[in-house]
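The entries below are kept in the order in which I made them.

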Amino acid sequence: MKRESCIWCLRESADTDVEHIFPDALGCPAHLTLPGSIVCKRCNNGLAHLDQVVVDDFDFLLFMNGIIRKRGRAPEVSN
């Protein structure tokens, strides 16, 4: 497996998780992802709180447009 450096911490990474360019909870299409070797699992998980901030700002629009959330959950308004 090819090892690359994480774009955030610059450590070598061969992780298999994908990094969603837009938060998955916003309905990020599969073609807008980066391979896990680009963003290591540690950084991907460590920056997840930023995804939640973005999702919270758009929760009403997600609800009104019926955009399915992460893991197939129905949209909901939490703000």
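**Entry 1: the largest pocket**

I sorted the lining of the largest pocket by class and found five nonpolar, four polar and eight charged residues. Here Ala, Val, Leu, Ile, Met, Phe, Trp, Tyr, Cys and Pro count as nonpolar, Asp, Glu, Lys and Arg as charged, and the others, Gly among them, as polar. The model is a predicted one, in which local features need pLDDT of at least 70 and side-chain atom pairs count only at pLDDT 80 or more, while totals for chains, interfaces and linings use all residues. Residues are numbered from 1 along each chain as its sequence is written, and side-chain values use heavy atoms, with hydrogens and water left out.

I noted a space of about 350 Å³ in this largest pocket. A pocket is an open set of points on a 1 Å grid over the protein atoms alone, where a 1.4 Å probe fits, with protein on both sides within 12 Å along at least five of seven lines; lining residues have an atom within 4 Å of a point. A volume is the space filled by probe spheres set on the points, which are joined across faces, edges and corners.

Of the 17 lining residues, I listed His-20, Asp-24, Ala-48, Asp-51 and Lys-70 as nearest the centre of the largest pocket. At least two lining residues come from each of β3 (19-20), α1 and α2 (48-65), and α2 supplies the largest share, four residues. Helices (H or I, at least four residues) and strands (E, at least two) are DSSP runs, numbered from the N terminus.

**Entry 2: the second largest pocket**

I read a volume of about 240 Å³ for the second largest pocket. It is lined by 14 residues, with Trp-8, Glu-19, His-20, Ile-21 and Asp-51 closest to its centre. By class, this lining has 10 nonpolar, two polar and two charged residues. The most, three residues, comes from α2.

**Entry 3: Asn-44**

I placed Asn-44 in helix α1 (residues 41-46). Is Asn-44 buried or exposed? Asn-44 counts as buried because its relative accessibility is 16%; buried means under 20% relative accessible area, exposed over 50% and partly exposed in between (1.4 Å probe, protein chains only). Leaving out residues up to four places away in sequence, I found that Asn-44 touches Asp-17, Val-18, Glu-19 and Val-39, where contact means heavy atoms within 4.5 Å.
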